[in-house]
Amino acid sequence: MRRSRVAGGTAAGLGIAVLYLSLIVLIPLAAVVWRSADEGPGYFWRSVTTPDAWAALTLTIGASALVALVNLVMGTVIAWVLVRDRFPGRAVLDTIIDLPFALPTIVAGLVLLALYGPQSPLGINLAYSRAGVVLALMFVTLPFVVRTVQPVLLELDTEMEQAAASLGAKPFQTFRRIILPNLIPAMLSGTALAFTRAIAEFGSTVLISGNLPFKTQVAAVNIFSQIEGDNTTGAAAISTVLLVVALVALIALDVLQRWGSRRG
C-alpha cells in the first residue's frame with residue numbers, strides 16, 4: 001500500500017512537471033523551430049546568411065565565447081576570494097555579485113552607458129563599439145560562474161589540503177592536484193550558463209552598442225528588427241540558430257562532466 005502510494009505520488013509529480021515544462025518551455029521552443037521552417041530550408045538558410053544577420057550571429061557567438069572564458073577565470077578568482085579570504089566588506093561584495101540577477105538588464109545598459117559612454121566620468125568611452133558589447137555581456141553573466149563555484153569551495157574538505165601540505169606539497173601543487181579537479185565541473189557549468197545567457201542578451205546591449213548593423217548589432221537586436229519588419233519567419237530562423245548553439249553548448253558540458261566523473 002505504501003509503495004503504491006509513493007509510486008502514485010511520483011507519477012503525479014512527474015506528470016505535473018512534464019506538463020508545466022511543456023507549456024512553458026518545450027511547446028514555445030517547438031513553435032519557434034516550426035515557424036522557422038515555414039518557407040522551407042532554402043528560405044531558412046537565406047535568412048540566417050543575410051549580411052546583417054550573419055554579422056550579428058558572428059558577433060554574438062564570438063563575444064559570448066570570449067565573455068564565458070573571461071568569466072571562467074575571474075568568476076573562479078572572485079569565488080575563491082569570497083570563500084577563502086577574510087576582509088572588511090566581504091559581505092557587501094558577496095551581495096553585489098547578485099546585482100546583475102536582480103537589476104533589469106535595460107537599467108544595466110543605461111548604467112554602463114553613463115559610466116562608459118561619450119560623457120563618461122572615468123574618461124573611458126566604449127559606447128557603440130564591440131568592446132562595449134563585451135563589457136555589457138560580462139556584467140550580466142559574471143554571477144553564473146561565481147555562484148556555481150562558491151558552494152563547491154565551501155564544501156571542499158580542507159583536511160586534504162592540510163595533509164598535502166604536511167607531506168611537502170607546494171601551494172600550487174595542492175591547488176592543481178586536489179582543489180582544481182573538484183572545481184572543474186562547477187567551473188564548466190558556470191561557463192556554459194554564462195555563454196548561453198550571453199548569446200540571448202538584449203537589454204544590457206541595446207543602449208551601449210548603438211545597434212549598428214555589421215558592427216555592434218547583436219543577434220537578439222537583429223531578431224527584434226526582423227519582427228519589426230514583419231519578417232517573423234526570418235526572426236524565427238535566427239532564433240533557431242541561437243537555440244541550436246545553446247543546446248550544443250549544454251550537451252558538450254554534460255559530456256565533459258560525465259567524462260570527468262568517470263576519470264574521477
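A charge sits over a ring if NZ of Lys or CZ of Arg is within 6 Å of the ring centre and within 35 degrees of the ring normal. Arg 84 meets that test: its charged end sits over the ring of Trp 80, 4.7 Å from the ring centre.

This is a predicted model, in which local features need pLDDT of at least 70, side-chain atom pairs count only at pLDDT 80 or more, and totals for chains, interfaces and linings use all residues. Residues are numbered from 1 along each chain as its sequence is written, and side-chain values use heavy atoms, with hydrogens and water left out.

## Overall build

The protein chain has 12 helices and 0 strands. Both kinds of element are DSSP runs, numbered from the N terminus: helices are H or I with at least four residues, strands are E with at least two. Along the principal axes, the C-alpha atoms fill a box of roughly 70 × 65 × 30 Å.

Of the 264 residues in the protein chain, 34% are buried. Buried means under 20% relative accessible area, exposed means over 50%, and partly exposed is in between (1.4 Å probe, protein chains only). The protein chain exposes about 15300 Å², and carbon and sulfur atoms supply 70% of that area. Accessible areas come from the Shrake-Rupley method with a 1.4 Å probe; for residues, only the protein chains shown count as cover.

Contacts are heavy atoms within 4.5 Å. Take the contacts in the protein chain with a separation of 6 or more: residues 24 or more positions apart account for 75% of them.

The protein chain carries 18 positive and 14 negative side chains. Lys and Arg count as positive, Asp and Glu as negative; His and the chain ends are not counted. The centres of the two sets lie 9 Å apart. Each charge is placed at NZ of Lys, CZ of Arg, CG of Asp or CD of Glu.

## Aromatic pairs

The structure holds 2 aromatic pairs. One of them joins Phe 101 and Phe 144: the ring centres are 5.2 Å apart and the planes stand at 85 degrees, so the pair is edge-to-face. The pair links distant parts of the chain, with Phe 101 in helix H5 (residues 99-102) and Phe 144 in helix H7 (residues 130-155), 43 residues apart. For the terms: rings of Phe, Tyr and Trp (its six-membered ring) pair if their centres lie within 6.5 Å; planes under 30 degrees apart count as stacked, over 60 as edge-to-face and the rest as tilted.

How buried or exposed are the two partners? Phe 101 counts as partly exposed, at 43% relative accessibility. Phe 144 is buried, at 18%.

## Helix residues and their spacing

Val 107 lies in helix H6 (residues 105-116). Val 107 is partly exposed, with a relative accessible area of 33%. Leu 188 belongs to helix H9 (residues 171-199), and is also partly exposed, at 27%. Leaving aside residues up to four places away in sequence, Leu 188 touches Leu 253 and Leu 256.

Ile 251 is in helix H12 (residues 232-263). With a relative accessible area of 53%, Ile 251 is exposed. Pro 171 is found in helix H9; at 72% relative accessibility, Pro 171 counts as exposed.

| Residue pair | Apart along the chain | C-alpha to C-alpha |
|---|---|---|
| Val 107 and Ser 204 | 97 residues | 7.3 Å |
| Leu 188 and Leu 256 | 68 residues | 8.5 Å |
| Ile 251 and Ala 192 | 59 residues | 9.8 Å |
| Pro 171 and Thr 49 | 122 residues | 50 Å |

## Positive phi in two loops

Which loop holds Tyr 128? Tyr 128 lies in the loop between H6 and H7. The phi of Tyr 128 is near 60 degrees, a positive value in a residue other than glycine. Tyr 128 is partly exposed, with a relative accessible area of 39%.

Phe 214 is found in the loop between helix H10 (203-208) and helix H11 (219-228). Phe 214 is not a glycine, although its phi is positive, at about 70 degrees. With a relative accessible area of 53%, Phe 214 is exposed.
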